[in-house]
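Please keep the sequence and the model in view while reading the numbered points.

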Amino acid sequence: MELVRVGQAFFMIRDNRMYDEASNSRFQCRALNINEDLGQIKYIFSDKTGTLTENKMEFQCASIGGKDYSNAKDSNEDGQTALAACNTIVPLTVDTPDPAVKLIDYQGESPDEQALVYAAAAYGYMLIERTSGHIVIDIQGERQRFDVLGLHEFDSDRKRMSVILGCPDKTVKVFVKGADTSMFSVIDRSLNLNMLKATEDHLHAYSSKGLRTLVVGMRELSPSEFEQWHSSYESASTALMGRAALLRKVASNIEHHLSLLGASGIEDKLQQGVPEAIESLRKAGINVWVLTGDKQETAVSIGYSSKLLTSTMTQIVINNNSKDSCRKSLQDALLVCKKLSTDSVATSGGSGNRANQVALIIDGTSLVYILDTDLEEQLFDLSSKCNVVLCCRVAPLQKAGIVALIKNRTDDMTLAIGDGANDVSMIQMADVGIGISGQEGRQAVMASDFAMGQFRFLVPLLLVHGHWNYQRMSYMILYNFYRNAVFVLVLFWYVLFTSFTLTTAITDWSSVLYSVIYTSVPTIVIGVLDKDLSRTSLLKHPQLYGAGQRQESYNGKLFWVTMLDTLWQSIAAFFVPLLAYWGSDIDGSSLGDLWTLAAVIMVNIHLAMDVIRWYRITHAAIWGSIVATFVCVMVIDVLPFLPGYWAFFHIAGTGLFWLCLLGITIGALVPRFVVKVFIQYCRPDDIQIAREAEKFRNSRDPQDAQIEMNQILDPPRT
């Protein structure tokens, strides 16, 4: 089975449809034991920035001093100084063909910071030099040096960063930028209420356009404040234990009572093919959840543009600041879902079609009071009744908590996909983790099971390769049980018939080679190459993916039916030769060779009956294994030092031997053939219907062929 998984991984890696030219990266298979899980995914948990979007930021607009400076120059020096200085960007000088002309390229970990620094440079505040102790900013043609006295980097708890600068006028200022939810809590609201209200309105307008927003603030430090901060900063920086927590505490002590400078809006465009990919995944019966740290308005706007949300959906919004209010909101939302479900059933005449689709939008603050509490069960019930779930302003651990909410309460397969370090916990929590090779490093890739360059590659990965792998592995597991059980049952009937004597009719070499040579190669070839449907059909009809979600190819019923079939075939293989040679002078070793050959021919023709796509290597593997068995049996029987010397040639010289082989094969496989024909023509499933449609594509226009798929309905939850 591991060889089969390696072969499947090879073809996934070499699939040019999952090759990203922009990053020159191919699909990576970092885990070889879950290929078949890709065909059973029910929930996808996706990050937004860098996963659904390109993570290539472009500055669009700014609000400075309460005024909207979209597409206009700004005259606020502190505001532009904050954009140029409050970051970890490193400016690099780039030579040009003209020796007198130099260009500056800004390098940094965050695309947001790059976009803001480029915007500041466009407004005449150009960062041209950075060292560990100072920065140089060209302000309208005049170079000014700022001493970097301290830097508090961004973290997911504070959701902001700050820099303490010694300015040319000998003052010391702290510049802070971060998410609006974290910044407005440290802004001094008594300074300018009108500007604060105007900035909030601008932020709402920016986020409604799908822009990423940041708020910038500043405060001048007195000498005593600076000395107190500097002492605490030095102590925290040199601490051997708990350094990160101490630095966070120092940062929180300095980041308060800030003067609001303004806000910015940055555009992060959707990746190519994201709306189409989400639409295909939802048609396949997969629930797509988006977990993002952005503002609610930004997340909703991206939801509409990516076709995750539609105008016909009923939106349930939960934004609360206490456990009691969260409890009431969840109860009200459950009542709304119940009413919509009742109305839908009444409208559709009891057919069960859910006409009223529901989208749940919940923020990170509400999740603080819900996750890991008694409200989790209500959130699970609510989310199970929703078609779309959109979580905004969530922290990394909350992302993992959302995945665990579903994973721990259902048997459904979950998949998490992200591109940054803040997605690692979510990726590791899900059954299948996928990392995007993006702009935010390789932490997500290193923690994932699979890696790829674009979100849209999920469609061929799941709907094509996932479907193929699930079908192949499901059949391979059942077939391996069958082919081994047949041979063991033949030995069992012999032992039972001979009253448990210590003799054996089948040589030890044949027993070993049965699983090593006689039947193993066809299993591997079919497990790697066989395809029940073409790529075109699987992409055209995403509903076909539901076979894996419903476990149609491997379940308890199929297993026991296979075992009954195995029992019958073993009886035919053992008793037909026994009765045919009853009373003859054929010894046990000769019968043993006949049983071995009959079992090998039987299991290989059984496999041939189920092969969908025939290749040259498939023919060579199946028929070659039968020929190899004859050769090995003859070689074993010509060696005088092995038991059963010349047994094969003794029995093969009679016509009854070949008649027995034919009779065993027909008698053992006819019942299976009859059942397959009955099911295919009387009770076909979606895959069989689609396969029949493929057969007629050469004789008619494929656009004229219409295939009616079974509707994918979630089972009602009580």
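1. How are α17 and α23 oriented to each other, roughly parallel or roughly antiparallel? The axes of helix α17 (residues 508-518) and helix α23 (residues 616-637) come within 11 Å and cross at roughly 155°, and the two helices are therefore roughly antiparallel to each other. Angles under 35 degrees count as roughly parallel, over 145 as roughly antiparallel, 65 to 115 as roughly perpendicular and the rest as oblique. Axes are lines fitted to C-alpha atoms, for helices over the stretch in contact, and angles run from 0 to 180 degrees between N-to-C directions.

2. This is a predicted model, in which local features need pLDDT of at least 70 and side-chain atom pairs count only at pLDDT 80 or more, while totals for chains, interfaces and linings use all residues. Residues are numbered from 1 along each chain as its sequence is written, and side-chain values use heavy atoms, with hydrogens and water left out.

3. The crossing of α17 and α23 is right-handed (the near helix is turned clockwise from the far one by less than a right angle). On the α17 side, W509, S510, L513, I517 and Y518 make the contact, and on the α23 side S625, A628, T629, C632, V633 and I636 do so; contact means heavy atoms within 4.5 Å. By class, eight of these residues are nonpolar, three are polar and none is charged. Ala, Val, Leu, Ile, Met, Phe, Trp, Tyr, Cys and Pro count as nonpolar, Asp, Glu, Lys and Arg as charged, and the others, Gly among them, as polar.

4. Helix α17 also meets α16: their axes come within 11 Å and cross at roughly 170°, and the pair is therefore roughly antiparallel. R483, N484 and F487 of α16 touch S510, S511, Y514 and S515 of α17. This contact has two nonpolar, four polar and one charged residue.

5. Helix α5 (residues 193-208) packs with helix α9 (residues 296-305) at an angle of about 20°, their axes 7 Å apart. These two helices are therefore roughly parallel, and their crossing is right-handed. The contact joins H204, S207 and S208 of α5 to E297, T298 and S301 of α9. Five of its residues are polar, one is charged and none is nonpolar.

6. The largest pocket holds about 1700 Å³ of space. On a 1 Å grid over the protein atoms alone, a pocket is an open set of points with protein on both sides within 12 Å along at least five of seven lines, a cavity is a set where a 1.4 Å probe fits but cannot get out, and lining residues have an atom within 4 Å of a point. The lining of this pocket has 46 residues, and L558, K676, I679, D685 and Q688 lie nearest its centre. By class, 21 are nonpolar, 10 polar and 15 charged.

7. Strand β13 (259-270) is among the elements that supply at least two residues, and β13 gives the most, with four. Helices (H or I, at least four residues) and strands (E, at least two) are DSSP runs, numbered from the N terminus.

Note on methods:
Grid points are joined across faces, edges and corners, and a volume is the space filled by probe spheres set on the points.
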